[in-house]
Amino acid sequence: MWVDLAITLVKILFIFAITVGFFAPVLTWVERKQSALMQDRIGANRADIMGFTVLGLFHIIADALKMFTKEDFIPDGANKVLHTISPIIALVPALLTFAVVPFGGQYTLFDKEVNLVISDLDVGLLFVFAIASLATYGYVIAGWSSNNNWSLLGSMRTASQMISYEVTMGLTIIGVLMVYGSMKLTEIGAIQENFWMWGVFLQPVGFFMFLTASIAENKRIPFDAPEAESELVAGYFTEYSGLKFGMFFMAEFIEMVTIGAIMTILFLGAWHIPFLTTATLLSWFDFLGTTGSNLVVMLIHLGVFFAKVVFFIYLQMVIRWTLPRFRYDQIMKLGWKILLPLSLANILVTGLVILALN
Amino acid sequence: MAYYVNRTIKMTWWERSYIPEIIKGMWLTSKRFFYNLFGFIPFFLGTEKDRRIMTVYYPEEQVQYPIAYRGRPVLAQNEDGQPACVACGLCEIACPAYCIDIVPAENTGKQNQYERWPDVFNIDYAICIFCGNCEEACPEEAIFMSDDCEISMLDRKQMLYTKEQLLTPVADLQKRIEFTRNMYAKWNY
């Protein structure tokens, strides 16, 4: 029992280290540097320690220092309690979804089954969506409690956009559920050991719709009407400063990782390498013994999984720096008039195909 | 007159489906991204980076301003160290911002080859608007706009430049002198 607890704790620490400790800070750097390279600029490289800039990586430290030392400002007439807790409400769901996200398969280490997921829920996929939609409260409360017109407008836009695109997201997921017949994310991942069972091939339309809807959920650029700088100053976090603003910022980047992870599991074969089953991999490293070979395969699978996540993050960033912002009515039109009927049609077609194949 | 934007552009079905156009745009940005990313590799091998950077890494790198650029006005200094200025005061009058302050000095003993020279010649860059009127008004080719625009200071009083600070050898100003001769046709009356 103590061993199980220890293993779970290690997994939780690993997830925290990889999201809060690695992805969230590094992505702030990646976003600047990638946009700079795309636009033929040099990019952030001014922060230096003793003359060394290390490609601008010290900007992460500079950013963190700046956020820690800035004044924590609460505007006059703002609801102090709600203003303080709303960044927490926004950040926690982003971290919490990782509880059910598997980042590897099952391995036998020292005669012990290790499942690389913190909590293997039977309704894992539902849990992800239930928790992810809770983040909306954080954004809405943030805008409402700031006592600022821009914030309120931003939070109202957030609410309507999140509700619109969650419908599409949910309906797209139904297609995936019909194909795999399971809500357990580990099972969905395990099925995709066969290359031709990857979600991209079984649900190509669903893949694109899920990508669109999840970028809209994350409020990144083609869909960033809630925080549109040129219209609403900064949207719902106009009145936030210091580490509270940093939490909103972090929530956005961690959500990017979450989206990448969920999309990897649902559509891009989770932790599997194409045409290479786990059994084959294990047989390659047979000379290391059971524990050794399992350990090596586990590390390979972890690497593959996070490589795929990084690919999705790259994709989101390319989209963010390529497209201009949609108008608000265009976002609503795309959500309700195009994506919703398409996702319904996707369910119909998927159902018909499954019926025909049976 | 009201200005109307034509919003009834007929798009083909291919364009309206939007996704191919998105992929086209992403292809372009990705191309630039990977070109610049892999162009960075030679840096680790010790050779020149192969990137198409459009920006200038400012304080370390500087661009050559075009000769028509109007930076801070400077005073031309002849080869013998004297200012070319004869303290006629035309620039003082031409200056719309009243930033030039001249106190003339005259030769009395006829020993010096110069008859008049400025005893005090101050330009307050905090007031100067860099219009170039002084340069145009000068009959003696003595005041010129240089290409130096880095005149930010922490104290306003430091921005008042005296004659000694303003003097610049004529040799450094040759290009600008040529330019003003063409520009204002000063010697072609």
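How many of the 5 residues of strand E1 of chain B are buried? We return to that strand below. This is a predicted model, in which local features need pLDDT of at least 70, side-chain atom pairs count only at pLDDT 80 or more, and totals for chains, interfaces and linings use all residues. Residues are numbered from 1 along each chain as its sequence is written, while chains are lettered from A and ligands numbered from 1 in the order in which they are written.

Start with chain B. Its parts are domain 1 (9–54) and domain 2 (73–184). The bounds come from an automatic or database domain assignment. Between the C-alpha centres of domain 1 of chain B and domain 2 of chain B lie 50 Å.

Now the strands. Helices (H or I, at least four residues) and strands (E, at least two) are DSSP runs, numbered from the N terminus. Two strands pair if DSSP finds at least two bridges between them. Strands of a sheet pair through backbone hydrogen bonds, either parallel or antiparallel.

One open sheet of chain B has 3 strands with mixed pairing, in the order E4-E1-E6. Strand E4 (143–145) and strand E6 (167–169) of chain B are at the edges; each has a single partner strand, so one side of each lacks a neighbour in the sheet. From one strand to the next, the twist averages 50°. Such angles run from 0 to 180 degrees between N-to-C directions, and axes are lines fitted to C-alpha atoms, for helices over the stretch in contact.

Strand E1 (residues 73–77) of chain B is joined to E4(B) by 3 bridges, and the two run antiparallel. Here B:Val74 has B:Phe144 in E4(B) as its bridge partner. Another 3 bridges link E1(B) to E6(B), this time parallel. There B:Leu75 stands opposite B:Leu167. The opening question can now be answered: 5 of the 5 residues of E1(B) are buried, and the strand is mostly covered. A residue is buried if 20 or more other C-beta atoms lie within 10 Å of its own, exposed if 12 or fewer, and partly exposed in between; C-beta atoms are placed from the backbone.

The other open sheet of chain B runs E2-E3-E5, 3 strands with antiparallel pairing. Strand E2 (100–106) and strand E5 (160–161) of chain B take the edges, each with a single partner strand, so one side of each has no neighbour in the sheet. Antiparallel E2(B) and strand E3 (residues 116–124) of chain B share 7 bridges.

Two loop residues of chain B deserve a look at their backbone. Most residues other than glycine have a negative phi, and most peptide bonds are trans. B:Ala87 has a positive phi, near 55°, and is not a glycine. It sits in the loop between E1 and helix H4 (90–94) of chain B. B:Ala87 counts as buried because it has 22 C-beta neighbours inside 10 Å. B:Tyr98 also has a positive phi, about 55°. Its loop lies between H4 and E2 of chain B. B:Tyr98 is exposed, with 11 other C-beta atoms within 10 Å.

Next, the interface. Two residues are in contact if their C-beta atoms, placed from the backbone, lie within 7 Å. On that basis 11 residues of chain A touch 14 residues of chain B. On the chain A side, helix H1 (2–38) and helix H12 (289–322) of chain A each give two or more residues. H12(A) gives the most, with 4 residues. The chain A side divides into 7 nonpolar, 2 polar and 2 charged residues. Ala, Val, Leu, Ile, Met, Phe, Trp, Tyr, Cys and Pro count as nonpolar, Asp, Glu, Lys and Arg as charged, and the others, Gly among them, as polar.

How do the helices cross? The axes of H12(A) and helix H2 (residues 19–38) of chain B come within 9 Å and cross at roughly 105°. H12(A) and H2(B) are therefore roughly perpendicular. Angles under 35 degrees count as roughly parallel, over 145 as roughly antiparallel, 65 to 115 as roughly perpendicular and the rest as oblique. From H12(A), A:Val318, A:Ile319, A:Trp321 and A:Thr322 meet B:Gly25, B:Met26, B:Thr29 and B:Ser30 of H2(B). This contact has 4 nonpolar, 4 polar and no charged residues.

Finally, one residue within chain A. A:Glu252 is placed in helix H10 (residues 242–267) of chain A. With 21 C-beta neighbours inside 10 Å, A:Glu252 counts as buried. A:Ala94 is 158 residues away along the chain, yet the C-alpha atoms of A:Glu252 and A:Ala94 are separated by 8.2 Å.
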